[in-house]
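Take a look at the protein below. This report walks through its sheet, its charged pairs and its aromatic rings.

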Amino acid sequence: MKLFNKTKTWTDNQENMFYIFLTILIAPNIALCFTEHMSLLAKVTNIIFPLSIYHLIMSRFKNCATAFWILFPFIFLGAFQIVLLYLFGKSIIAVDMFLNLVTTNSSEAMELLNNLLPALVTIVILYIPALVIAAISIIRKKTLSTAFIKREQKRSIITLLTGVICLLSSSFTDKRYQIKEELYPANVCYNIFLATQRTSWTNNYKSTSEGFTYNAKATHNPKDKEIYVMVVGETSRACNWSLYGYSRKTNPRLEEHKNLTAFSHVLSESNTTHKSVPMLISSVAATNYDSIYYRKSIITAFKEAGFHTSFFSNQRHNHSFIDFFGMEADEYNFIKEVALGTKNNTYDLDLLKLVSKSIDKGYDKQLIVLHTYGSHFSYRERYPKNEVFFIPDAPAEAEARFKNNLYNGYDNTIRYTDKFLAELIDIINRPGTDAALIYTSDHGEDIFDDDRELFLHASPVPSYYQIHVPFIVWTSDSYIEKYPEKCKAMDNNKSKDISSSLSFFHTMLDLSGVDTPYRNDSHSVSSQSFKECRRVYLNDHNEARTLDDIGMDKEDFYMLKNSNIGNWP
């Protein structure tokens, strides 16, 4: 009781709370000084200038609690920033983070929130008591003394001038320094503007893309029966595939399949689903990403060429380009939407029933695009209990101490993907039919792999584990007999540097013989014309940057080098 009374007396003192509120507001800036790669002057600027603004605002109110609540949007951003730092260890709140809020379905969000308890506890301890005390102060109409306000106003002016000097010095001494990228929370506010702008453009997509056409035509014999399948996986990283030398048998079925080519040096140009998947199934890549608001997907190209098209997904609607592109198909089905409201979990193998049913309709020319749930966290939800192979896979909370269990669960998802792809190949491998299947994943995942203890994906700065993805092509015997040059080219290209985001689209067009002015065989892994391109990554501001220019750590370049993913110093 004595401690409580002392605490109450201390918090009733408005001068004490003035400084506490300032400290809470500036806390994210202090944290970022330890996590971000900035010059010492930039770090000082990142604290002094924002602090001076908060100080100036707070000193204009007789009741500092009123100012604290007026600044609530920045408190909310601060809480969001702390969660982000807990998840990824660095970086400000990116544009993609805000877009993920509107494109991630509720079930995925709940799975993630259930594993963010330490970050949420920190937020509660740091912000909730202060907000409650501030609310009580407002209700009781407590005020600061006139002398204190005048003194703090003078101090805020001095702090502001110091902050301006630091800001100007940072801008003139470092050519790379930009307020919209380096100064928190100005950079986050700019990202909110970009997210709002992109959301508006996305909402207008139907009108901006309405007149788009691929002018596509089929070049293969019209009498040949053909089935082409594109499979877009989720969160599957190549280093956990035994096809690429992983010590565990995660691909027992695919390793037995003939006519399968596995490309080993493949990187994705994005670690976010809402960017990566549209790039995979359209003519858009990192170097021209903003053209996505005016273009359609490969499904439209195949429709123009006379193919029956299908899009089947084991994911929920996310009101983004994945939905728009999928709905271009003659038939589409998001099976998780059908299961919504039931207790039944849908697995990727459930998609095979739709594939079989569609093929049984007997179309002569057919394209099927599948979007799986693959290896998305929570891993144990991605495969039924009777498919458990690596144990124990529980408990599997998002904590480094459960790393082995998480690895077991993750590797089980890869084995389940292996079974899914093997059975899918068996379904489309029909007598008298030329068939081809290509598979890649949108991105990979961190699973506490090194001393950085990173977890999940979609971090503003990617890691090696988030962008090195599997990429495989299977062709039927009859296809190989008719187009042996394609298979020879794939064998020649399987160890070359490949961008999945760039090559997936062009490879499918090349394999199927669908011709369009948008097709570029120098990007197709099934073409003798294939050429390696410089590695690029689509950053948060939709700029194509080289890997040495996006802030990746030395650990990532070590893994790139030792995994033989290109030539790295």
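## Buried, exposed or in between

A residue is called buried under 20% relative accessible area and exposed over 50%; partly exposed lies in between. Take Phe-324: its relative accessibility is 26%, so Phe-324 counts as partly exposed. Keep in mind that this is a predicted model.

## The sheet

Start with the strands. Strands of a sheet pair through backbone hydrogen bonds, either parallel or antiparallel. Here, seven strands form an open sheet in the order β3-β11-β8-β2-β7-β5-β6. The pairing is mixed. The edges belong to β3 (260-263) and β6 (331-334). Each has a single partner strand, so one side of each has no neighbour in the sheet. On average, neighbouring strands are turned by 10° against each other, direction ignored.

Within β6, Tyr-332 stands opposite Phe-311.

## Strand β2 and its cover

Which strands pair with β2? One is β7, which runs parallel to β2 and is joined to it by seven bridges. Another is β8, also parallel, with eight bridges to β2. Tyr-228 shows both links. Its bridge partner in β7 is Leu-367, and its bridge partner in β8 is Ala-436.

Is β2 mostly covered or mostly open? It is mostly covered, with eight of its eight residues buried. Both faces are covered. Glu-226, Tyr-228, Met-230 and Val-232 are buried on one side. Ile-227, Val-229, Val-231 and Gly-233 are buried on the other.

Helix α18 (residues 403-428) lies across β2 (226-233), β7 (365-371), β8 (434-441) and β11 (471-475). It runs at about 165° to β8.

## Salt bridges

Side chains of opposite charge can pair when their charged atoms come close. The count of salt bridges in this model is 28.

One of them joins Arg-237 and Asp-449, with the closest N and O atoms 2.8 Å apart. Arg-237 is in the loop between β2 and β3. Asp-449 is in the loop between β9 (446-447) and β10 (455-456). The pair links parts of the chain 212 residues apart. Arg-237 has 0% relative accessibility, so it counts as buried. Asp-449 has a relative accessible area of 16%, so it is buried as well.

Another salt bridge joins Asp-477 and Lys-258, at 3.4 Å from N to O. Asp-477 is in helix α20 (residues 477-482), and Lys-258 is in the loop between β2 and β3. They are 219 residues apart. Asp-477 is partly exposed, at 43%. Lys-258 is exposed, at 54%.

Helix α18 takes part too. Its Lys-419 links to Glu-387, which is in the loop between β7 and α18. The salt bridge spans 2.6 Å, N to O. Lys-419 is partly exposed at 22%, and Glu-387 is partly exposed at 21%.

Some salt bridges join up. Lys-90, Asp-450, Arg-452, Asp-553 and Asp-556 are linked in one network of them.

## Aromatic rings

A pair of aromatic rings is described by the distance of the centres and the angle of the planes. The structure holds 35 aromatic pairs. In one of them, the rings of Tyr-205 and Phe-324 have centres 5.2 Å apart and planes at 5°, so the pair is stacked. Tyr-205 lies in helix α12 (residues 205-208) and Phe-324 in helix α15 (residues 321-326). The pair therefore ties together parts that are 119 residues apart in sequence. Tyr-205 is buried, at 6% relative accessibility, whereas Phe-324 is partly exposed.

Phe-448 and Phe-455 also form a stacked pair, at 4.8 Å centre to centre and 5° between the planes. Both Phe-448 and Phe-455 are buried. There is a cluster as well: Trp-201, Tyr-205, Tyr-293, Phe-321, Phe-324 and Phe-325.

## Charges over rings

What sits over the ring of Tyr-410? It is the charged end of Arg-237, 5.6 Å from the ring centre. Arg-237 is also the partner of Asp-449 in a salt bridge. Likewise, the charged end of Lys-275 sits over the ring of Tyr-289, 6.0 Å from its centre.

Conventions: Residues numbered from 1 in each chain as written. Predicted model: local features only at pLDDT ≥ 70, side-chain atom pairs only at ≥ 80, totals over all residues. Heavy atoms only, no water. Pairing = 2+ DSSP bridges. Helix = DSSP H or I, 4+ residues; strand = E, 2+ residues; numbered from the N terminus. Axes fitted to C-alpha atoms, helices over the stretch in contact; angles between N-to-C directions. Contact = heavy atoms within 4.5 Å. Buried < 20%, exposed > 50% of the residue type's maximum accessible area, 1.4 Å probe, protein only. Salt bridge = Lys/Arg side-chain N within 4 Å of Asp/Glu carboxyl O. Phe/Tyr/Trp six-rings, centres within 6.5 Å; stacked < 30°, edge-to-face > 60°. Lys NZ or Arg CZ within 6 Å of the ring centre and 35° of its normal.
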